[in-house]
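Dear colleague,

Here is the structure I promised to pass on to you. My notes on what was found in it follow below.

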Amino acid sequence: MLNLHNAEFIRSAVSERDFPADGLPQIVFSGKSNVGKSSVINRLLNRKNFARVGGQPGKTIHINFFLLDKQAYWVDLPGYGYAKVSKAERDRWGALIEQYFASGLLSVGVQIVDIRHKPTGDDVTMANWFRMSDMPWIVIANKHDKIKKSQLEGNLNIIRQTLLLPEEVPLIPFSAEKGTGKDEVLARIFDFLGKDGPA
Ligand code: GDP
């Protein structure tokens, strides 16, 4: 069993040499700025303020590593798609993501998109990174509480088609606000890791 309450911040990595490479599995979270990535992580870990470790959004480009019950890393990739970033910052983001994916450390990918909108070009780029990594990956469609029931299926279809999601990639409606989808997301992650779910 994995105790989700036992999570500790390890470090913020700005380059490859800071990535922990001790063989423990790494669960990686990615999403555009404001999609609710911090809220989703806080909801999954039952915390109020867990994910806000690294300074101002958009200002620092780093990867935050947390250790979950000494058994797996919980990896928070820097958000993307901020309106006001310079080309230099975009380049740094791209270089860091490339280093992470090239490191081969990823075990399970969790990509977060907004259930209300067609995925952005950056979302598609991110999906391509996960697809090329050849590792299991799930997509969370967050802010489910903000759409009407009648919109659900159509919106999920648009997300699946735009991201070119392979059939086996689960697309899970989620609400960080209400907790919808939490159990399914955790079950998928632990299933892919081959571990028993949270205690
Ligand atoms: P991040 O920049 O991706 O880490 O996004 P945050 O977690 O800071 O969330 C951005 C905004 O979206 C905040 O105002 C959250 O309260 C809101 N938010 C996040 N998830 C949800 C959700 O599932 N439903 C609703 N209604 N609002 C959400």
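Isoleucine 10 lies in strand β1, where strands (E, at least two residues) and helices (H or I, at least four residues) are DSSP runs numbered from the N terminus. Please keep in mind that this is a predicted model, in which local features need pLDDT of at least 70 and side-chain atom pairs count only at pLDDT 80 or more, while totals for chains, interfaces and linings use all residues. Residues are numbered from 1 along each chain as its sequence is written, and side-chain values use heavy atoms, with hydrogens and water left out.

With a relative accessible area of 28%, isoleucine 10 is partly exposed, a class that falls between buried (under 20%) and exposed (over 50%), with a 1.4 Å probe and protein chains only. Not counting residues up to four places away in sequence, isoleucine 10 touches Phe65, Phe66, Leu67 and Tyr73, contact being heavy atoms within 4.5 Å. Glutamate 8 also has its place in strand β1, which covers residues 7–13, and counts as partly exposed at 30% relative accessibility. Leaving aside neighbours within four places in sequence, glutamate 8 is in contact with Phe65, Phe66, Leu67 and Lys70.

**The chain as a whole**

The chain has five helices and seven strands, and along the sequence they follow the pattern β-β-α-β-β-α-β-α-β-α-β-α. Its radius of gyration is 16 Å, close to the 16 Å that the globule rule gives for 199 residues, so the chain is as compact as a globular protein of that length; the radius is taken over C-alpha atoms, and the rule is 2.2 Å times the number of residues to the power 0.38. Buried residues make up 47% of the 199 residues, and among contacts with a separation of 6 or more, 76% are accounted for by residues 24 or more positions apart.

**The second largest pocket**

About 200 Å³ of space lies in the second largest pocket. A pocket here is an open set of points on a 1 Å grid over the protein atoms alone, where a 1.4 Å probe fits, with protein on both sides within 12 Å along at least five of seven lines, and lining residues have an atom within 4 Å of a point; the volume is the space filled by probe spheres set on the points, which are joined across faces, edges and corners. Helix α1 (residues 37–44) gives the most to this lining, with three residues, and the lining includes Ser39, Asn42, Arg43, Lys143 and Glu177.

Best regards
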